[in-house]
Amino acid sequence: MSVRHPIISVTGSSGAGTTSVKKTFERIFQREGIKAAYVEGDAFHRYNRYEMKKLMAEEAEKGNNHFSHFGPYSNLFEELETLFRTFGETGTGKYRHYVHDESEQKLYGAEPGYFTEWEDVPKETDLLFYEGLHGAVVTDEANVARHCDLKIGVVPVVNLEWIQKIHRDNLDRGYSHQAIKETILRRMPDYLDYICPQFSQTDINFQRVPMVDTSNAFIARWIPTPDESMVVIRFANPRGIDFPYLISMINNSYMSRANSIVIPGGKLDIAMQLILTPMILQLMERSRRAGAPRRDIPSVAKYA
């Protein structure tokens, strides 16, 4: 981990809600005057959209029906670790963007489905913020987790995750239920080997649990809403967490274990603001004490 150049990673599988969590962080950064460099996980895929589609077909012909975006063979784990290590040491490093659609094409200049060229992380940033699939991955070749100062897991229960994927792929992309089932089955080995283990590396997990029947994900007519859900927040190290304060500030919340609090799903944003803002400001104070350039960032004391 780096004291002078902090790194925050938000990890979750596709459709887990990491993009919504990223927006919460963006609001915190804007409010507190923190300049962040944003890194998206799919920028570290090994293949572009069309190469990946071709390789999946080739692997299927060979009898490998489990070639997915979740595993090390389709991702640049070592390059991601190099970025984290280099940023922690120097405040910069090499990264790129993956262009999803035409709006991002206008922003980054590359065709949808392709990567931009590698470039340097902008200098004079206060911290690096990663959002994607592998922000806490550990393999024999790479250990990304050890370079992060704050690791957040975003983890819906599996049936909810499937419902979100089914609705997105069916309604937005026109995939059949059979095609979606095949995608889920193809990803499952890598999900178990490379996604799930990361949530034992994280400092905080936010897990959304629906309070409605999701027993058959493939017949659910709509995605359970936040108001139809609860969120379990688990702290790897609960020392210093003021649970009575959080419970008093978040209506209808309670402790389920000594390191966990349960909140209504609609209160996720305020819970993240209350929990994460002091942690982020502590990282920034520690960075300044280590000699990072001083910026006009409020003291953590105002949130005590």
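Colleague: Which helices each supply at least two residues of the lining of the largest cavity?
Modeller: Please bear in mind that this is a predicted model. The helices in question are α5 (158–172) and α6 (177–195).

Colleague: Where does the largest share of that lining come from?
Modeller: It comes from α6, which contributes five residues.

Colleague: And which residues are the closest to the centre of the largest cavity?
Modeller: Twelve residues line the largest cavity, and F70, E161, W162, R187 and Y191 are the closest to its centre.

Colleague: How much space lies in it, and how many cavities are there?
Modeller: The largest cavity holds about 140 Å³ of space. Across the whole structure, the search finds two cavities of 30 Å³ or more.

Colleague: Let us turn to the sheet. What is the strand order?
Modeller: The order is β2-β5-β1-β6-β7-β8-β10-β9, an open sheet of eight strands with mixed pairing. The edge strands, each pairing on one side only, are β2 and β9 (254–257). From one strand to the next the twist averages 20 degrees.

Colleague: At the β2 end, is the pairing with β5 parallel or antiparallel?
Modeller: β2 and β5 pair in the parallel sense, over five bridges. Within that pairing, A36 has L127 in β5 as its bridge partner.

Colleague: Which helix packs on the sheet there, touching β2 and β5?
Modeller: That is α3, which touches β1 (7–11) as well as β2 and β5. The direction of α3 makes about 160 degrees with that of β5.

Colleague: Now β8. Is that strand mostly covered or mostly exposed?
Modeller: Strand β8, residues 229–235, is mostly covered, with five of its seven residues buried.

Colleague: What are its partners, and how many bridges join them?
Modeller: Strand β7 (residues 204–210) is joined to β8 by seven bridges, and the two run antiparallel. In that pair, I233 of β8 has F206 opposite. β8 is also joined to strand β10 (residues 260–264), again antiparallel, by five bridges. There R234 stands opposite S260 of β10.

Colleague: A change of topic: how many salt bridges does a search of the whole structure find?
Modeller: It finds nine.

Colleague: Which residue forms a salt bridge with R146, and what does the pair tie together?
Modeller: The partner of R146 is E81, with the closest N and O atoms 2.7 Å apart.

Colleague: Does E81 count as buried or exposed?
Modeller: E81 counts as buried, because its relative accessibility is 5% and the cut-off for buried is under 20%.

Colleague: What about E40: which side chain does it meet in a salt bridge?
Modeller: E40 meets K22, at 3.6 Å from N to O. The pair links distant parts of the chain, E40 being in strand β2 (residues 36–40) and K22 in helix α1 (residues 18–32), 18 residues apart.

Colleague: And how do E40 and K22 stand in exposure, buried or partly exposed?
Modeller: E40 is partly exposed, with a relative accessible area of 21%. K22 counts as buried, at 14% relative accessibility.

Colleague: Which side chain does D120 meet in a salt bridge?
Modeller: D120 meets K94, at 2.9 Å from N to O. D120 is in strand β4 (residues 119–120) and K94 in strand β3 (residues 94–95), so to speak of distant parts of the chain, they are 26 residues apart. D120 is partly exposed, with a relative accessible area of 45%, and K94 is partly exposed too, at 48%.

Colleague: Finally, where does L76 lie?
Modeller: L76 lies in the loop between α2 (49–61) and α3. At 10% relative accessibility, L76 counts as buried.

Colleague: What does L76 touch, beyond residues up to four places away in sequence?
Modeller: L76 touches F44, H45, R46, R96 and W118. As for D42, its C-alpha is 9.7 Å from that of L76, while the two residues are 34 apart in sequence.

Note on methods
Residues are numbered from 1 along each chain as its sequence is written. This is a predicted model: local features need pLDDT of at least 70, side-chain atom pairs count only at pLDDT 80 or more; totals for chains, interfaces and linings use all residues. Side-chain values use heavy atoms; hydrogens and water are left out. Buried means under 20% relative accessible area, exposed over 50%, partly exposed in between (1.4 Å probe, protein chains only). Helices (H or I, at least four residues) and strands (E, at least two) are DSSP runs, numbered from the N terminus. Two strands pair if DSSP finds at least two bridges between them. A salt bridge is a side-chain nitrogen of Lys or Arg within 4 Å of a carboxyl oxygen of Asp or Glu. Axes are lines fitted to C-alpha atoms, for helices over the stretch in contact, and angles run from 0 to 180 degrees between N-to-C directions. Contact means heavy atoms within 4.5 Å. On a 1 Å grid over the protein atoms alone, a cavity is a set of points where a 1.4 Å probe fits but cannot get out, and a pocket is an open set with protein on both sides within 12 Å along at least five of seven lines; lining residues have an atom within 4 Å of a point. Grid points are joined across faces, edges and corners, and a volume is the space filled by probe spheres set on the points.
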